[in-house]
Amino acid sequence: MTDPVFSDTDHGHMQAALGLARRNLGRVWPNPSVGCIVVKDGIVLGRGVTAPGGRPHGEPQALAQAGDGARGATAYVSLEPCNHHGKTPPCSEALIDAGLNRIVVACEDPDPRVSGGGIRRLREAGIRVDVGLCADDALDVNFGFITRILHGRPGVTLKLATSLDARVATSTGHSQWITGPESRARGHLLRANHDAILVGIGTALADDPELTCRLPGLEGANPVRIVLDSALRLPVTSKLAQGAASVAPTWVVTLAGADPERAAALEAHGVRILRVDADEAGRLPVAASLTAIAGQGITRLLIEGGPTVATAFLKAGLVDRVEWFRAPMLIGGDGLPAVGGLGVDVLDRALRLSPGRDSAEHHRRSG
């Protein structure tokens, strides 16, 4: 089969579908956020995106808007339509029943329940299906979902806010504020478009954070708050525990042998306890922690913990993206570094970061 040729109009409609998908990132886990545009004779008849909580999907919403006008129309979908019966019927079935003439798909869904099956079913029904339009953009939008499917863990973004010389605090621990209001607003937007935010128990004890999104208009778009806490030291009086039932879900990842009485006290406040086995050194392993978090459906994880947590995930090779906010100030060598020792003795072993989006290449290598 020859590669499809896409027009500028096709590109415009697919970018619109991807824009819809980006709008609901952080709100639809464990599902991907999928945008759909239905167009006929140059007129957009329907728009849809995966709803908060993951249902309904974007395709049936767009088809409902289009109504009978969908017959003979073209649909632009940012991810391959699902092809399995779950809590809702498959989107491929809805698209076939609507009588569409053509469907443009940005990229295939790697979920084994779909994985080309949706595209195949549409083609078997006699619908023209063109695949690959804006594929790199679609992989970027879906990087968390794809990482969970392919690797059994969420896509991980590490957020750092530092001075120009990569310090997060002075020698006395003073850190508020290194960056300015614009950076902090961007940080809150990151919280809104991630499923969950993670810190270590050190940050939780030192700062007693809320870890909520406080941008005007996005109040309440709060991620799940997760604390790595091997000994269950999180106080029941902390803001995280006190708000677990009312502000945003709060989870604690701890060791399998952690004190059951402390666990019960936190659970009484609505905190969910996730237990993992210790590593050979008796510590809380970050890889197993991510597996446990992914098992709860989380696809996009934002790490805002301090240097200890940042270093642990970087050393384990479990960071996919870095959002680094740097302020034009110098704190000096006696300040607290953003990242601890990584065991780099020669430059060839240094962790190298690539500017911009690398999700497409990452998934090509790992797929």
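**Entry 1**

I started at Pro30, which sits in the loop between helix H1 (8–23) and strand E1 (35–40). Helices here are DSSP runs of H or I with at least four residues, strands are E runs of at least two, and both are numbered from the N terminus. The model is predicted, so I noted the limits: local features need pLDDT of at least 70, side-chain atom pairs count only at pLDDT 80 or more, and totals for chains, interfaces and linings use all residues. Residues are numbered from 1 along each chain as its sequence is written, and side-chain values use heavy atoms, with hydrogens and water left out.

I looked up the bond from Trp29 to Pro30, and the peptide is cis, with omega near 10°. I found another cis peptide bond between Gln176 and Trp177, where omega is about -5°. Trp177 belongs to the loop between strand E7 (167–169) and helix H7 (181–192). I jotted down the background too: most peptide bonds are trans, and most residues other than glycine have a negative phi.

**Entry 1: positive phi**

Next I checked Ser115, not a glycine, and got a positive phi of about 40°. I placed Ser115 in the loop between strand E4 (102–105) and helix H4 (117–124). Its relative accessibility is 40%, so I logged Ser115 as partly exposed; that label covers values between buried (under 20% relative accessible area) and exposed (over 50%), with a 1.4 Å probe and protein chains only.

Leu232 also has a positive phi, near 55°. I traced Leu232 to the loop between strand E9 (224–228) and helix H9 (239–242). Leu232 counts as buried because its relative accessibility is 0%.

I then went to helix H6 (residues 143–151), where Phe143, Gly144, Phe145, Ile146 and Thr147 are buried. Gly152 follows H6 and has a positive phi, near 70°.

I looked at how E1 meets strand E2 (residues 43–49): they run antiparallel, joined by 6 bridges. Strands pair if DSSP finds at least two bridges between them. I picked out Lys40, whose bridge partner in E2 is Ile43. The hairpin has 2 residues between the strands, and I noted a positive phi near 55° for Asp41 there.

**Entry 2: Arg191**

Last, I looked up Arg191, in helix H7. Ignoring neighbours within four places in sequence, I listed its contacts (heavy atoms within 4.5 Å): Ile197, Leu211, Thr212, Arg214, Ala221, Pro223, Leu302 and Glu304.
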